[in-house]
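Open the model in your viewer and keep the sequence panel beside it. Each stop below tells you what to select next.

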Amino acid sequence: MSPVSSNAPHGQSPLRTVQVLGGGNAGSSAHVRSLAEGLVARGVRVTVCAPAEADRAYDFTGTGADHVHVPRSSDPASVAVLRAACADADLVHAHGLHASFRTVLALSGRGTPLVVTWHNRARAEGARAHLLRLLERRVVRTAAVVLGTTSDLVDRARRSGARDARLAAVALPGRRRRADQDEADQERHKLRAELGATGRPLLMAVGSLDRERGYDVLLDAARAWRGLDPVPLVVVAGEGPLRPGLQRRIEDEELPVRLVGRRDDVPELLAAADLALLTSRWESRSVLAQEALHAGVSLVATRVGGVPDLVGEAAELVPYGDAEALAAAVVRLLADPARRELLRERGPRQAATWPTEDETVAQVLSVYDELTQPTPLP
């Protein structure tokens, strides 16, 4: 563990930080949970401002942090609650664009340093896209430091006017230890039987059922897999607005795909799979890709955002939106056990190059110290 950096020399009070989360995706929420735990362990006082459902899901208070319920809205009432929570903070750290903009409003007129982490790229079309660009510029020009989880997010922040934009060290938090091998094998067989994948390949995709995930392309590719013997089963864990339309297509076209909704056993599902599939339009540090490589599961992913840097040579990459390329990559891998074994071996080695949770906390603390430690007199 890194040395304590509580910013409390000569008996002063420990550093007090506020972490602001808008609800966020799984990656940013898990990151804030991990960060809160690491900061508290190093003597920093932490308050997490997030919707109550986020605290229920990620147990921020279980780290020793305080939690203040702040709705996702940027209406005056929510901003007032956030402003009160930040009243005696030495530094505020906001995660994601909407949480960051809400924080900019709450800190208006105060000199409290603001750190912003961009975990993903906000997406919109038409007039809303213009509004998001305005919000981005307002946020990055207010923040003392912007941390981006990928190099293209750092570049985007700089183009938007950030005074100081840096690449963030972000670990995959809370990875579970592998069970005893016999227990793991039993769990794997049990899950495959439950999903209907006994005696056939199991392909696993995870993520919310929205347009950015590329599941329409996945269903297009699944048509080609109907001709294989045995026919692979595609299982998608996640929920979202596209579920009715996707389910209709699966039934109408008789596709070998199952939508299993939200699951709290994703690591076990991945460990049971023959291949993991990531078909998104854009990803930064995909949790699915990280979990797959950690588990030694062969991955086929779209060559977008931060994915190539994240996975290196430990995955098969295909262009986004190309169902034919996706289908062909899966067919090749299923027919080539040696290639799958090579990817399985490369996965954990690639994962070992990623930042650890200690390294992530240490980087954040160094930024906090820069912004809060008194400047030495010449």
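A contact here means heavy atoms within 4.5 Å. This is a predicted model: local features need pLDDT of at least 70, side-chain atom pairs count only at pLDDT 80 or more, and totals for chains, interfaces and linings use all residues. Residues are numbered from 1 along each chain as its sequence is written, and side-chain values use heavy atoms, with hydrogens and water left out.

**Stop 1: Val 307**

Select Val 307. Which residues does Val 307 touch, not counting those up to four places away in sequence? They are Leu 278, Glu 283, Ser 284, Ala 301, Thr 302 and Leu 317.

Now widen the selection to the largest nonpolar core, which has 33 residues. A nonpolar core is a set of buried Ala, Val, Leu, Ile, Met, Phe, Trp, Tyr and Cys residues joined through side-chain atoms within 4.5 Å. Buried means under 20% relative accessible area, exposed means over 50%, and partly exposed lies in between (1.4 Å probe, protein chains only). Val 307 is among the members that touch the most other members, and so are Leu 202, Met 204, Val 235, Leu 278, Leu 299 and Val 311. Colour the elements that give two or more residues to this core, including strand S8 (202-206), strand S9 (233-237), strand S12 (298-302) and helix H12 (307-311). Helices (H or I, at least four residues) and strands (E, at least two) are DSSP runs, numbered from the N terminus.

A second, separate core has 32 residues. Select Cys 49, Leu 97, Ala 99 and Phe 101, which are among them.

**Stop 2**

Is Glu 283 buried or exposed? Glu 283 is buried, at a relative accessible area of 7%. Show its partner too: the side chains of Arg 213 and Glu 283 meet in a salt bridge (3.0 Å, N to O). A salt bridge is a side-chain nitrogen of Lys or Arg within 4 Å of a carboxyl oxygen of Asp or Glu. Arg 213 sits in the loop between S8 and helix H8 (215-225), and Glu 283 in the loop between S11 and H11, so the pair ties together parts 70 residues apart in sequence. Arg 213 is partly exposed, at 22% relative accessibility.

**Stop 3: other salt bridges**

The whole structure holds 22 salt bridges. Select Glu 53 and Arg 72, whose side chains form one of 3.9 Å, N to O. Glu 53 lies in helix H2 (residues 52-58) and Arg 72 in the loop between strand S3 (66-69) and helix H3 (76-85), so this pair ties together parts 19 residues apart in sequence.

Next, select Arg 158 and Asp 155, another salt bridge (3.9 Å, N to O). Both lie in helix H6 (residues 151-159), 3 residues apart, about one turn of the helix.

**Stop 4: Thr 117**

Move to Thr 117 in strand S5 (residues 114-118). Thr 117 is buried, with a relative accessible area of 1%. Not counting residues up to four places away in sequence, Thr 117 touches His 93, Ala 94, His 95, Gly 96, Leu 147 and Thr 149.
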